[in-house]
Amino acid sequence: MNRGTKRKKLTSVLIKPAGPDCNMACTYCFYLKKAGLFPQTKIHRMSDEILEETVRQVMTQGQRTVSFAWQGGEPTLMGLPFYRRAVELQQLYGRGQTVGNGLQTNGLLLDEEWAGFLSDYNFLVGLSLDGPQHIHDRYRHLRNGQGSWAYVASKARLLLDKGVATNALSVITDYSANYPDEIYEFHKSLGLNYMQFITCLEPDPADPSRVAPFSVPAEKYGRFLTRLFDLWLDDFDGQEAKTSVRFFDSIFHIYAGLEPPDCTLHKECGEYLVIEHNGDVYACDFFVEPRWKLGNIVQGRLIDMLNSAAQRKFGKIKADLPEECLRCRWLRFCRGGCPRDRFHNPSNRRLNYFCAAFKAFFEHADPAFRKLAEDWKRRQTAAGL
């Protein structure tokens, strides 16, 4: 490492314990095809040995606060005993740290026992729920082709009834982008007041030079964001937000002079690691591919992979922006967005596909964000903080 290069600290990992395996067949899923990276078996499951080595390294090399994000595929395919073991290992190897666990799930396998465990150990659950039935079932199908909405909506109620901290994770597609009001109000009606919206952008399998037809067009996404922002703003109770939209919360951090929690808004990428079921370590969830494989947890140390030349090279991709971005007044807020959304831009692979959406959104939301930040800073000063 060059002198003067700041060494990254290990604070979070994203773990794929069941690899790309899933019990659903969503039209827009980008991770199912990752099974091609692991052709040795058709079923992919993390062994107890890999689990223990992963937890041991995170706990012994990590900071005072560390987080484990369990994703997939579908991570609940591992079964509840796997997660009981994970918590046991966190306690075994812990050094008095604060540990956060997050589970991103389609919810199908959750039941009372699962919900009790998730509540007891303060797991944060991201439940994949795209909105009302006609929106959710458009692309989120069971393996038999049927819609999954009824199952997932019932699991949302189960989790909330058990006191599990639950976020709605909604994918914005060509179809769902038409319904910001319906989606927002539906989540609120269920009690899902914490929401995260993820753009759908995938290459067309029939012609990779184009985007897939279910991808959300930039102009439509801009209208969606603008309307969603107005709904979020209308729900303020005095100076406090009644709902949380992760993207808006992250943008507010920037206006307030704070580091945004959303990695897509940082100057560089590469602040966390992805660990696949077999112990292979990758640079990012969206870049689980041979080029960005950093090693394997059995042969290497996570902290070294996080600070490797390959991970630094990956992180700097984000700063490779076209002149249009460098001159843009909104650059300090969007930072060019996620590099994945540049590589999937057929017209310019250095420009974010959603650039027009971000510009329209910031033009609309900037005055309100400035006022929110000024009010917050005034309260902080008055409180002596």
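**The sheet and what lies around it**

Modeller: Strand S5 (residues 165–172) and strand S6 (residues 194–199) run parallel and are paired over 5 bridges. Two strands count as paired if DSSP finds at least two bridges between them. Strands (E, at least two residues) and helices (H or I, at least four) are DSSP runs, numbered from the N terminus. The model is predicted, so local features need pLDDT of at least 70 and side-chain atom pairs count only at pLDDT 80 or more, while totals for chains, interfaces and linings use all residues. Residues are numbered from 1 along each chain as its sequence is written, and side-chain values use heavy atoms, leaving out hydrogens and water.

Within this pair, leucine 169 has glutamine 196 of S6 as its bridge partner. S5 and S6 belong to an open sheet of 10 strands with mixed pairing, in the order S9-S6-S5-S4-S3-S2-S1-S10-S11-S12. Its edges are strand S9 (244–245) and strand S12 (293–296); each has a single partner strand, so one side of each has no neighbour in the sheet. Helix H2 packs on the sheet, where it touches strand S2 (65–70) and strand S3 (98–105), and its direction makes about 165 degrees with that of S2. Touching, or contact, means heavy atoms within 4.5 Å. Axes are lines fitted to C-alpha atoms, for helices over the stretch in contact, and angles between N-to-C directions run from 0 to 180 degrees.

H2 (residues 80–93) also meets helix H1: their axes come within 9 Å and cross at roughly 35 degrees. On the H1 side the contact includes Leu51, Val55 and Met59, and on the H2 side it includes Phe82, Leu89 and Tyr93. By class, the contact has 7 nonpolar, 2 polar and 4 charged residues. Here Ala, Val, Leu, Ile, Met, Phe, Trp, Tyr, Cys and Pro are nonpolar, Asp, Glu, Lys and Arg are charged, and the others, Gly among them, are polar.

The loops come next. Asparagine 193 is in the loop between helix H6 (180–190) and S6. Beyond residues up to four places away in sequence, asparagine 193 touches Lys188, Lys242, Thr243 and Ser244. Asparagine 193 counts as partly exposed because its relative accessibility is 28%; buried means under 20% relative accessible area, exposed over 50%, and partly exposed in between (1.4 Å probe, protein chains only).

Asparagine 23 is in the loop between strand S1 (12–16) and H1 (48–61). At 18%, asparagine 23 counts as buried. Its side chain makes a polar contact with that of asparagine 106 at 2.9 Å. A polar contact is a pair of N or O atoms within 3.5 Å; within protein, one must be able to donate a hydrogen and the other to accept it, and residues adjacent in sequence count only if both atoms are side-chain atoms.

Two backbone details remain. Most residues other than glycine have a negative phi, and most peptide bonds are trans. The peptide bond from glycine 72 to glycine 73 is cis, with omega near 10 degrees, and glycine 73 is in the loop between S2 and H2. Asparagine 122 has a positive phi, near 55 degrees. Asparagine 122 lies in the loop between helix H3 (112–120) and strand S4 (124–128), and is exposed, at 65%.
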